[in-house]
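Student: I have a model open and would like to work through how its parts pack. Can we take it step by step?

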Amino acid sequence: MPKRKMFFLLLFTLLIAAPLGLISYKLLVLDYRMNDLIPATSYHIDIGMTVDGHGDSIEMRTFLPKSDSRQQITQEIQTSAGFRFETRSDALNRVATWRADSVTGQQNVRYSFVVQAQGVRYDIPADLQIPTTYPASLAPYLKSEAGVPVNDPLINQAIDKILPQRDVSVLETLTRIHRYLQDDLKNKNFSGYTDAITAYKLGEASCNGKGRLFVAMARTLNLPARSVSGLIMQQGSKRISHQWVEVYVNGYWVPFDTINDHFSELPANFLTLYYGDEVLFRHSSNVNFQYYFQMSKKLVPKSSLRENIGDSKLNIANIYQTFEDVGVSQNLLKIILMIPFGALVTVVFRNVIGLETFGTFLPALIASAARDTGLLWGSIGFVLVIVLTALIRRGMDWLQLLHSPKMAILLTVVVMIILGATVVSDSLGLMELAHLSLFPIAILAITAERFAIFEAEQGFYKAAKVTAATLVVVAAAYVVMDSQFLQSMVLAFPELLFVLIALNLWLGRWIGMRVTEFFRFRKLIWSEGSK
């Protein structure tokens, strides 16, 4: 026993010290930059459009993003069976058009791309004065246009309230306008069109109304300004775009967002789709047109990683490249590396807390599968499949079937339920639930059988209790595995997996009382302790 204990301590120490030593070697000796090692965040954007045709010709148009110094657009794919697709670009925008003749029934068009963007912030000199003249190219950004009147009496009235003395610096002028629109003009969740005058009269507006009022006030004060439209990128699906403003200051187009209080800055999750006060989607009249944006977040190595680390054998970019060479995406690599963390969470809940779950590592697998559905819809889909399949399994017990054919039937039923849920959720616009098809089908079938066995042998209460405990562990594993910080660290330092082995070794010798046992026998424990 002493030799075994000594070996355990040595192994535990080695599994902790070795990865920490390797990390220190990378940072101190090889001069790895921590900022380069932490992967960058990218977003996969899927623009979906659905139209119902009645035998006539159909045309659909939208704006596509362009790469610039702040955002890089890659991996663009368009799917539009039966439609002719074309794009055209000018100095600022890129427009995509889909056309088809004699369209009947429902047709789907999708355009996907990957975005890697960075946040920007501008410092406006405190003593910078508003110029009196500008280059001719900026003339369009000082004129009136539809919804944006310049030198209108009401616009001047609004300016007089916040700038009684107009002979102030650019910074002071823009600060006053921004604070007025951010603090005094209420945010209104309204998807329709609101011009600058209406926004001022109502004292409330959505992003487009506030943007037009900002542009009108800036142009009236001889500051070139323009509208910018795009997306706030975040995990999930949405049907709402966003609009902000850019003002030409000292040779730069400086962004302002008076809905989210971004003054002379733009966060990294803002995607610019187009410039100008335009409509994002246009389509033929008399058709049922629907659209959505589906967004998923993933981590990718920074472009500066290869430049600064070079051909080092410990270059973590080589891991990415190796998996890409064999056809495994970087997103799947992230999932593979995070599953051991979900497994550790499951071990803690089972061995230390004492929760009983379906399967040893089922919660970790379900949590990883819920990366596309989200925790809420993933949990709903999991319970839906388990309960429906368990009910069918009880019906098969009455037929007294052999185990293997019965499991094959259950597997088929799970597939049918998932396909049905995907079709229904797609028609209802629940795109998160539509990704239920990514769940591990065989494991769901086995879990459904276990649920039915629990329910038959120990009652519905016991089966429901274990299901609830499983969902609790799934939620905990999901939170850990979805942590951007943890994902960044394990992608930068995959040797941290040895630390997980060390922690599991320690948990493997856990002989203490579980938390649930403490609560179960707390009266006895306290009575014994008081003697």
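Tutor: Start with a definition: axes are lines fitted to C-alpha atoms, for helices over the stretch in contact, and angles run from 0 to 180 degrees between N-to-C directions. Keep in mind that this is a predicted model.

Student: At roughly what angle do the axes of helix α4 and α6 cross?

Tutor: Helix α4 covers residues 170-184, and α6 covers residues 207-220. Their axes come within 11 Å, and the crossing angle is roughly 155 degrees.

Student: How are α4 and α6 oriented to each other, then?

Tutor: Angles over 145 degrees count as roughly antiparallel. The axes of α4 and α6 cross at roughly 155 degrees. The two helices are therefore roughly antiparallel.

Student: How many charged residues are in the contact of α4 with α6?

Tutor: The crossing is right-handed. Leu174, Ile177, His178, Tyr180, Leu181 and Gln182 of α4 meet Lys210, Leu213, Phe214, Met217 and Ala218 of α6. By class, these residues divide into eight nonpolar, two polar and, as to charged residues, one.

Student: Which strands of the sheet does α6 touch?

Tutor: Helix α6 packs on the sheet, and its direction makes about 15 degrees with that of β10 (242-249). The strands that α6 touches are β8, β10 and β11.

Student: In what order do the five strands of the open sheet run?

Tutor: The pairing in this open sheet is antiparallel. β12 and β14 stand at the edges with a single partner strand each, so one side of each has no neighbour in the sheet. The order is β12-β11-β10-β8-β14.

Student: Which residue of β12 stands opposite Asp257?

Tutor: Strand β11 (residues 252-257) runs antiparallel to β12, and two bridges join them. In β12, the residue opposite Asp257 is His262.

Student: β14 is an edge strand. How many of its six residues are buried?

Tutor: Being at an edge leaves one side of β14 without a neighbour in the sheet. Even so, strand β14 (residues 270-275) is largely enclosed by the rest of the structure, because the number of its six residues that are buried is six.

Student: Is Ile232 buried or exposed?

Tutor: Ile232 lies in strand β8. Buried means under 20% relative accessible area. At 18% relative accessibility, Ile232 counts as buried.

Student: What distance separates the C-alpha atoms of Ile232 and Leu271?

Tutor: Not counting residues up to four places away in sequence, Ile232 touches Lys238, His242, Asn260, Asn269, Phe270 and Met295. Ile232 and Leu271 are 39 residues apart along the chain, and their C-alpha atoms are separated by 6.3 Å.

Student: What is the relative accessible area of Ser264?

Tutor: Ser264 is in the loop between β12 (262-263) and β13 (265-266). Leaving out residues up to four places away in sequence, Ser264 touches Val120, Arg121, Tyr122, Ile124, Val254, Pro255 and Phe256. Ser264 is buried, and its relative accessible area is 3%.

Student: What is the handedness of the crossing of α1 and α17?

Tutor: Helix α1 (residues 2-29) and helix α17 (residues 497-508) pack at about 155 degrees, with their axes 8 Å apart. They are therefore roughly antiparallel. The crossing of α1 and α17 is left-handed.

Student: How many nonpolar residues does the contact of α1 with α17 have?

Tutor: From α1, the contact includes Phe8, Leu11 and Phe12, and from α17 it includes Phe498, Val499 and Trp506. The contact has no polar and no charged residues, and its nonpolar residues number 13.

Student: Finally, what share of the residues in the chain is buried?

Tutor: The secondary structure comes to 19 helices and 16 strands. Of the 531 residues in the chain, the buried share is 45%.

Notes:
Residues numbered from 1 in each chain as written. Predicted model: local features only at pLDDT ≥ 70, side-chain atom pairs only at ≥ 80, totals over all residues. Heavy atoms only, no water. Buried < 20%, exposed > 50% of the residue type's maximum accessible area, 1.4 Å probe, protein only. Helix = DSSP H or I, 4+ residues; strand = E, 2+ residues; numbered from the N terminus. Contact = heavy atoms within 4.5 Å. Pairing = 2+ DSSP bridges. Parallel < 35°, antiparallel > 145°, perpendicular 65-115°, else oblique. Left-handed = near helix turned anticlockwise from the far one by under 90°. Nonpolar A, V, L, I, M, F, W, Y, C, P; charged D, E, K, R; others polar.
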